[in-house]
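Hi,

Here is the structure I promised to pass on to you. Have a look at it first, and then read my notes on the charged side chains below.

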Amino acid sequence: MRSKKENKGGKDKDGRSERSSSRRGESSSKRGAAPRGDSSRRDSSSRRSSSDRKGGRDRSAKGIVLEMFSSSPDTLFTQRQMARRLGIVDKKGRDELQNIVNSLVRENKVLLIDGDKYQLNLRVNIITGRVDLANSKYAYIVSEETEDDVRVFREHLKYAMDGDKVKVEVLPTMQGGRAEGIVVEVLERSRTEMVGIMTLSKNFGFVVPDFKKLYFDVFVGERGLHGAESGDKVLVKIVEWPKEAGKNPTGEVIRVFGPAGEHEAEIHSIMAEFGLPFEFPEIVEEEAEKISEKIPAGEIAKRRDMRGVTTFTIDPADAKDFDDALSIQKLENGRWEIGVHIADVTHYVHPRSILEKEAFHRATSVYLVDRTIPMLPERLSNGLCSLRPNEEKLTFSVVFELDDSGKLYDTWYGRTVTYSDRRFAYEEAQERIETGEGDFAEEINVLNGIAKKLQEKRFKNGAISFETTEVKFKLDEAGKPLYIYVKERKDAHKLIEEFMLLANRKVAEFVYNLGKGKKRPTMVYRTHGSPDPDKLSTFSVFASKFGYKVDVDADISEELNNLTHEIEGKPEQSVLQNLAIRTMAKAKYSTEPEGHFGLAFDHYSHFTSPIRRYPDMMAHRLLQHYLDGGQSEDKEAFEERCRHSSEMEKRAADAERASIKYKQVEFMKDTIGNQYKGIVSGVTEWGIFVEIEENKCEGMVRLSTLNDDYYELDANNYRIIGRQSKRIISFGDEVMVEVVGANMAERTIDLELVKSLKTH
């Protein structure tokens with residue numbers, strides 16, 4: 001059985017989501033080009049063949065006739081009645097109509113009755129699925145009821161949007177042809193609100209959505225403008241959907257963010273675009289404020305008291321919530337007792353409380369370039385639950401007995417009370433590691449030594465050593481980016497990471513080993529599948545363009561780690577690592593103990609960040625329940641929460657990327673005319689994408705600006721070739737580019753090629 005990806009010519013769903021819009025001057029790339037990120041945009045010029053365009057008209061005419069039958073499924077139509085309903089008055093039109101109806105009869109879509117009447121064949125194939133909008137011309141319907149996704153052209157979507165649940169009539173196809181269909185009903189809309197830019201006429205307006213997968217504007221009447229002015233970023237709610245094609249949905253403005261391009265307007269519009277909350281409901285804040293700060297003596301008596309053990313936190317300098325701390329003390333046997341102490345959020349947030357419902361709804365904190373949208377109100381996240389220095393705190397801990405080589409002898413799990421002696425910023429902890437001087441320098445260096453041993457064992461067991469590039473901004477008071485830098489991960493960061501990984505792994509293993517088979521208790525795991533073989537083969541070809549060998553038939557973890565060492569410090573490091581990561585399955589939350597490929601752990605959970613992740617709260621509750629001798633919890637109920645958490649995590653990541661891209665474009669707006677060294681990070685039929693080495697901003701060099709020749713895409717070899725000169729520009733080439741434009745509304749950067757520096 002072929003996979004859906006194979007049936008669509010090698011594109012997975014992420015690849016299909018590259019979109020086009022004639023309104024915005026975009027067009028989808030040809031299949032087979034190098035994978036693209038969220039910054040993809042396309043030139044308005046098109047090279048579609050005349051037969052493609054004609055085929056589009058034929059499909060449209062047939063679809064209109066079929067829709068007429070579908071809208072009146074019990075009606076018998078004569079040819080004259082059909083022509084009258086469709087407004088056909090000339091002989092040529094009637095002949096064309098008859099040809100179409102005859103074709104529908106041959107396809108068994110329409111039945112011929114009594115020799116001159118026609119009726120819809122009600123025994124049609126109707127499926128239910130979700131809309132995956134590919135571009136402004138068509139969408140795919142993804143359904144469990146069919147192996148192949150069904151393509152539906154825009155005029156037959158009934159204004160269904162990306163993510164909507166729809167009922168689709170599947171049209172008969174020739175053997176080996178692509179399945180196509182018509183939406184007959186929109187069952188469930190994924191959104192009724194959208195962000196866009198208002199364009200005003202005299203007494204009405206249109207909102208052009210920011211969400212690039214939308215293929216229509218929203219009409220807003222005078223009463224629905226609510227003070228919005230032309231050029232404002234707004235949030236519009238659709239109040240009426242058209243009953244026929246060719247109309248626009250009608251909406252009303254429910255929030256005005258301000259002029260497009262202004263910092264607050266753009267950030268707020270990103271929040272609204274991804275459905276992120278602007279504030280906590282008053283009732284949630286009130287419940288949080290009612291929680292007492294005092295820790296009752298009776299509560300302390302129930303817990304392991306670790307207030308006398310040296311304890312500290314290590315976090316970013318600007319962090320406000322501290323949800324993890326480390327403790328360390330030497331045992332009489334010469335080993336080390338090292339505690340990983342996590343804020344005991346579930347002590348304060350009870351099941352069925354308003355706080356619990358809000359935490360589940362949000363599922364995660366979101367980190368935009370200039371702000372955090374927390375999962376929990378500040379009273380909890382920065383106050384009661386935050387492990388601030390010189391304060392007694394309720395914690396949930398995993399305490400290890402380790403020797404200097406990182407060998408684990410014993411593990412204890414349970415609720416504790418702790419006292420943080422010191423709050424370290426990463427830079428301060430790093431200074432202790434590098435100089436060996438300062439308060440708690442001995443403890444930090446012991447922890448660092450053991451962390452290095454733990455990391456060494458992980459990599460030896462097959463963990464992937466990729467270091468992802470994290471772009472950060474220095475903003476002024478108005479939110480304008482002053483400069484961009486890449487966050488550097490040093491030993492202090494890795495120290496914390498290793499002990500958090502150890503705690504998460506041991507919690508997962510502990511619960512997993514409490515039973516066997518069907519008697520194994522329910523747990524929330526963080527899972528990560530093995531790379532897709534097809535994607536891995538494609539990546540191997542990519543890497544070979546740079547002169548690197550990745551043997552897909554060998555130990556893939558070892559191969560990827562060897563590649564990491566080879567590309568470290570090279571211009572292509574960021575591009576190749578990002579592509580390698582895309583070969584991996586997406587990590588997700590699940591009640592199935594499927595393991596974590598990237599970390600090379602058989603079992604792994606998220607336990608260490610309950611202030612900002614709902615799955616960690618679930619893990620805390622389940623662990624304590626089993627420590628108390630409880631029976632296994634309802635697996636399906638927790639699986640549903642896992643699905644929701646995974647979806648919200650993806651939404652948060654998309655919003656974070658959108659905010660980063662916006663700030664990158666804003667920064668580059670002030671660099672027009674500057675020249676930079678970069679690397680070709682993608683090739684399409686419309687242009688080449690270049691990642692600027694200095695600041696990791698990515699822009700496009702459009703093929704239409706390459707005046708020395710007419711260039712064409714060689715998709716199989718990830719390059720473009722000049723028709724006359726045979727000049728080749730390939731994925732991974734080093735180039736010099738000049739910034740010629742930065743479009744804030746589209747979040748795109750336009751570049752011109754100055755010269756090639758190095759080719760592969």
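**Salt bridges**

Searching the whole structure turns up 48 salt bridges. Keep in mind that this is a predicted model. As a bit of background, side chains with opposite charges can pair when their charged atoms come close.

Let's start with Lys-452, which pairs with Asp-491 through a salt bridge of 3.3 Å, N to O. This one links distant parts of the chain, 39 residues apart: Lys-452 belongs to helix α13 (residues 441–460), while Asp-491 is in helix α14 (residues 491–512). How accessible are the two partners? Lys-452 is partly exposed, with 41% relative accessibility, and Asp-491 is partly exposed as well, at 21%.

Next up is the salt bridge between Lys-696 and Glu-691, at 3.9 Å, N to O. Is Glu-691 buried or exposed? Its relative accessible area is 9%, so Glu-691 counts as buried, the cut-off for that being under 20%.

Then there's Glu-712, whose salt bridge partner is Arg-723, with 2.7 Å between the closest N and O atoms. Here too, distant parts of the chain are linked, 11 residues apart: Glu-712 is in strand β29 (residues 711–714), and Arg-723 is in the loop between β30 (719–722) and β31 (728–730). Glu-712 is partly exposed at 34% relative accessibility, and Arg-723 is partly exposed at 41%.

Cheers

Definitions and conventions:
Residues are numbered from 1 along each chain as its sequence is written. This is a predicted model: local features need pLDDT of at least 70, side-chain atom pairs count only at pLDDT 80 or more; totals for chains, interfaces and linings use all residues. Side-chain values use heavy atoms; hydrogens and water are left out. A salt bridge is a side-chain nitrogen of Lys or Arg within 4 Å of a carboxyl oxygen of Asp or Glu. Helices (H or I, at least four residues) and strands (E, at least two) are DSSP runs, numbered from the N terminus. Buried means under 20% relative accessible area, exposed over 50%, partly exposed in between (1.4 Å probe, protein chains only).
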